[in-house]
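Biologist: I have a structure to go through with you. Shall we take it in short questions and answers?

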Amino acid sequence: MGNKLPNSNLIRSSANIGNIAAKSRATCRNCNGDDCSNNILEDILQEKILTSGYFNFVPFISTKPNGKCSHGGGFDRTSNIEPKGGINKDTFKSSHGNLHITAANMAIAATSELLEDIRGAAGDKTFLQMMGIAKGKALCFVIDTTGSMRDDIEAVKAVTSSIINTKVGTEDEPPVYILVPFNDPDFGPLIRTTDPDVFKRAINALSANDGGDIPELSLSGLQLALTGAPPNSEIFLFTDAPAKDQHLKSTVIALIERTKSVVNFMITNILGFRRRKRSDDSQEQGQQNSRILTSDVQVYRDLAQASGGLAIQVTKSELPMATSIITESSSSSLVTLVQASRSSGMAENFTFTVDESVTNLTVYITARSVSFILISPSGVSQENTNTTGSLITASQSVGNFWTLQLKTQVGLWEIKMVSTNPYILKVVGESPIDFLFEFLEVSQGPLGGFDVVNNRPRSGVNGSLIVTVTGSDSATVTEVILVASSGSRKVNGSVEAQGGGDFLARFDRIPEEEFVVLVKGQNSNGSSRASSVIFQRQSSTNIRASAVTVASPDSNSVLVPGTTLSVPFSVTTSGVGGTFIIQATNDQGFNSTFPSNLILANGGSANGTVNLTAPSNTLSGTVVTLTVEAVAPGGTDANYVVLRFTVLNLVTAFTLPVCQLLSLQSNCSNNCILSMWELSVCVTDGAEGTGVDHVSLREGNGTLNTSRAGGNKNIMLVSYSLSCCSPNMKMLVLDRVGNVGTGFYSSSVSTNVIQLPLLCLSIVVLGLHVLT
């Protein structure tokens, strides 16, 4: 039709989208061979009648009415029914492919328009967080608040103040602050804020009390943090007690994998784990308690390893020294060069490449009784016992935690580890160059391509992942390798550039064992040397492939308070069948019912349903994360699906707020600095509206004042004044259910207007009466 701007009413409820073709009205003719450019009838275009294309995979099951257009394309069987052809613009080769660019630009404009509405309702900072646009990293603490944690809480307060004082106003300023306290029998609430002062007050308000028995609800608190923190967050959990809720371990690992978040455990007063052992216990009882101690700590070690984090064990007096890792990890440009976890002591060599973009090269080791030798790219070596060597510029050892600051040298490094105990090795640096990745599966949709795998990829079969390089427009990925987390085995992928910093890696086989993603490439970012230097980055999160698939259509993401939502899911196995254990948990503690198990045949599938109910008093806007997990017989394999639902009260008001100009006065002269303009506006969302929530400026920086008119929630009076040097202003009006209205005014309209809708007029008259 020649339109260049989107039809905004298409996404607004109960709005008039234009003239729609009646079912009996013909809209198309047969295409002229392969040319469908003129198959829409002239009268349809002249009268601007809206029509769309019929589509069906199977011919003749539901025939299209006479004279109607088809969508067209190889999958549309209706396009073989007269009038033949189609009208879609999906690609350049489509029926109306000559309009593909025009349609794509229209879609972009419509998307921008919708996002601007959301931006206006939420505000710039919140909107950018929703879009994942933030330089800093979230600062997230999960803290045990039982009586014995008083010293730990004081250490957290100190490090919080240090981070806030040194990073606010810099590119490393955390975009969001998250705090989750826990003890027993409570955990939460989750406190999430973008205001550092609010966060500092929340931390300072923590007090250590209660507790009772030793184990605490640490994994419940961690689960809540993982669902409330942004993806790729770094979370610090402080505790001196074992987990009482170890049944959540697999759910927490699923959330770690899904969010790719790193979890570090700051475990203090290790002897405190033995508080259940009395002095008069028998030797046998003492040995049993020792085994319990090992098991308790191992849960935290396993979760740290799964996330690419550390399990740091120190005394309470040593904790302030160990918290230095928190300040270092809060850098927005922290990257992982290599990370490995070994469950049994052994000698092993690790290599990592340092490129010119890397600074602040640091080695973290968590272990007892470990030795190592560092070898630099120039061949210089230094042992851990040598404190006068040239490679280690600073070191710190506290508890089981070692931190080494290395002299940054470009090239291939080597570290030879010798240990008789389990250990975690992690080498990090600061660099703008990093990568994101997602596993892909072949789409089952009609247009082919790939879909993102939102849980564990299939094991033992071929697979693909997409790698996106961040921080450089010139970096090229040359290798993508799946490296065993606890060994040296690896699977190399073939890499294809996709453009825009994206690279597709294909693998002949996805490993059955845990692995990490290792990316290597070259960067030619302006430096003469950089073009020949290889960069290396590694994912922190450990990945587990699975022969089990858990899926849910997630067709309804809204949960109405007091109303049960049925969430269907399916479990499929490509391996041996049997009885699969089902576990469904949610981070809000809402009541739910689900089958405890499903029986699958070999290579078969089965369906189940989770019935989830939010209490009737649940605050509208609450987000609940539901994790459904299926464990194969014997517990050797498992997979999950993570679903998010928003609790919303039913909204029936969709009328946009209206801005009505009361007066506009401008006395602008050639010297704009010496003259002002001002206006008054009445804002209303109608007599039946939900009420005007607030008014904000989108354009202009003058003085904006608002007041309720006669106490009426549906009306707000707005006044605005500014120098004539800024001739335009645009304001956004938000009602209480999220409808956004706009008003645009200019000083060039030098009128004095009184144009009141009836509702505004009655309020103004009432105001005058009150004044008299």
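Modeller: Start with a definition: a disulfide is a pair of cysteine sulfur atoms within 2.5 Å. This is a predicted model, where local features need pLDDT of at least 70, side-chain atom pairs count only at pLDDT 80 or more, and totals for chains, interfaces and linings use all residues. Residues are numbered from 1 along each chain as its sequence is written, and side-chain values use heavy atoms, with hydrogens and water left out.

Biologist: How many disulfides does a search of the whole structure find?

Modeller: A disulfide is a covalent bond between the sulfur atoms of two cysteines. One of those found joins Cys28 to Cys69, S to S 1.9 Å. The whole search gives four.

Biologist: Which hand does the disulfide of Cys28 and Cys69 have?

Modeller: Look at the torsion about the S-S bond. For Cys28 and Cys69 it is about 90°, so the disulfide is right-handed.

Biologist: How many residues apart are Cys28 and Cys69?

Modeller: Helices (H or I, at least four residues) and strands (E, at least two) are DSSP runs, numbered from the N terminus. Cys28 sits in the segment before helix H1 (42-46). Cys69 sits in the loop between H1 and helix H2 (100-122). The pair links distant parts of the chain, and the separation is 41 residues.

Biologist: Is Cys69 buried or exposed?

Modeller: Buried means under 20% relative accessible area, exposed over 50%, and partly exposed in between (1.4 Å probe, protein chains only). The relative accessible area of Cys69 is 1%, so Cys69 is buried.

Biologist: What is the torsion about the S-S bond of Cys31 and Cys36?

Modeller: These two cysteines are joined by a disulfide, S to S 1.9 Å. Cys31 is buried at 15%, and Cys36 is buried at 7%. Their link is right-handed, with a torsion of 110°.

Biologist: How many residues apart are the partners Cys672 and Cys725?

Modeller: Their sulfur atoms are 2.0 Å apart, and they form a disulfide. Cys672 lies in the loop between strand E34 (658-666) and strand E35 (676-684). Cys725 lies in the loop between strand E38 (712-723) and strand E39 (728-735). This pair, too, links distant parts of the chain, and its partners are separated by 53 residues.

Biologist: Why is the sulfur of Cys659 too far for a bond with the closest cysteine sulfur?

Modeller: Cys659 is buried, with a relative accessible area of 16%. The closest cysteine sulfur belongs to Cys682. That is too far for a bond, because the distance is 9.3 Å.

Biologist: Which residues of helix H5 are buried, and where do they fall?

Modeller: H5 covers residues 196-204, and its buried residues are Pro196, Phe199, Lys200, Ala202 and Ile203. Seen down the axis, they fall within an arc of 160° (taken from the directions from the helix axis to the C-beta atoms). So they line one face of the helix.

Biologist: Which side chain reaches the backbone nitrogen of Asp197?

Modeller: A polar contact is a pair of N or O atoms within 3.5 Å; within protein, one must be able to donate a hydrogen and the other to accept it, and residues adjacent in sequence count only if both atoms are side-chain atoms. At the start of H5, a side-chain oxygen comes to within 2.9 Å of that nitrogen. The oxygen belongs to Asp195.

Biologist: Which backbone nitrogen lies 3.3 Å from a polar atom of the Ser485 side chain?

Modeller: Ser485 is in the loop between strand E19 (476-484) and strand E20 (490-492). Ser485 is buried, at 6%. The nitrogen is that of Phe515.
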